[in-house]
Amino acid sequence: TVTTSGYLTEAHQMGQNFSNDQMALVYTSDEGPVWLKVSVSNGVYSLAQLSSPGDVVLPTIADHLIISSDTSGTLANKTGTVINSGSIQAGLDATAGTFISFPGTTASGTLRLAAVDSSSDVAVTISNADHGQASVYSIPDVGAATGQFNVVTGALVDGNVMTASGTAGKLQDSGIASSDVQLNTNIIAAQTADIGGGGAGPITVSVAGLTAGSVVVANIVSSTNTVSVAKVAPGTDDFDITFDADPGAACVVSYVAFVAAQ
């Protein structure tokens, strides 16, 4: 209260004389007796904290860091960036320490970086690769109380499929190019309805997505007469199957169709 700008102005207006050469010993409820200097500036009369090398700006905030606030040794609790030219350590050996970051809004939640015990005394370092731009990486919600990052055990090959290396979240290059893998939507395995009664064929079987470049392999599941498949010719959304003889009134065929040839 007493260091509020203009604290002495009313007293001056009532006839008290003040100058910048004066000091006041003031008893305060939170600090007890303190020396303050008189400040007169542009008709405003105030009491101000003394400033000298090594001063601590009061009041301080319990459990908050004290940092240098100028180049003459003044220390204070301050908001904003705190800089240390070397490492910053949280905790000691066998004493846990955690780096905790709060968001800059009223939203809840914190981001924490905490170490856990290792089987041997080693340092785990997280560092960035060379970047050509400023980047922000977001951690997606795993949807559970625990989760893990996937990491690779070695260099990857562009365009290859990654596979798990063990069960602890490590990944590795499979050596298989993704272009060599058929999507399950491009592989159709099914049985036909009864296509008998049409003679030796060709008999058309509808399969959506097929083209003349597709690959179809067909086998007889059951037929009235003993026959074999003589020819399978894929077309647009279907394939034609021809037998070496008439399969009779009943005939069911199973087939595997690769929509895109590989």
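Start with the protein chain in cartoon view: its secondary structure comes to 1 helix and 16 strands (DSSP runs numbered from the N terminus, H or I of at least four residues for helices, E of at least two for strands). The radius of gyration, taken over C-alpha atoms, is 41 Å, well over the 18 Å that the globule rule (2.2 Å times the number of residues to the power 0.38) gives for 262 residues, so the chain is more spread out than a compact globule. This is a predicted model, in which local features need pLDDT of at least 70, side-chain atom pairs count only at pLDDT 80 or more, and totals for chains, interfaces and linings use all residues. Residues are numbered from 1 along each chain as its sequence is written, and side-chain values use heavy atoms, with hydrogens and water left out.

Next, show the C-alpha atoms of the protein chain alone. Along the principal axes they fill a box of roughly 125 × 50 × 35 Å.

Now colour the chain by accessibility. Of its 262 residues, 17% count as buried (under 20% relative accessible area, with a 1.4 Å probe and protein chains only).

Then select Ser-165, in the loop between strand 9 (160-164) and strand 10 (170-177). Is Ser-165 buried or exposed? At 19% relative accessibility, Ser-165 counts as buried.

Finally, show what surrounds Ser-165. Leaving aside neighbours within four places in sequence, Ser-165 is in contact (heavy atoms within 4.5 Å) with Thr-153, Lys-170, Leu-171 and Gln-172. Across the protein chain, 43% of the contacts with a separation of 6 or more are between residues 24 or more positions apart.

Methods
Buried < 20%, exposed > 50% of the residue type's maximum accessible area, 1.4 Å probe, protein only.
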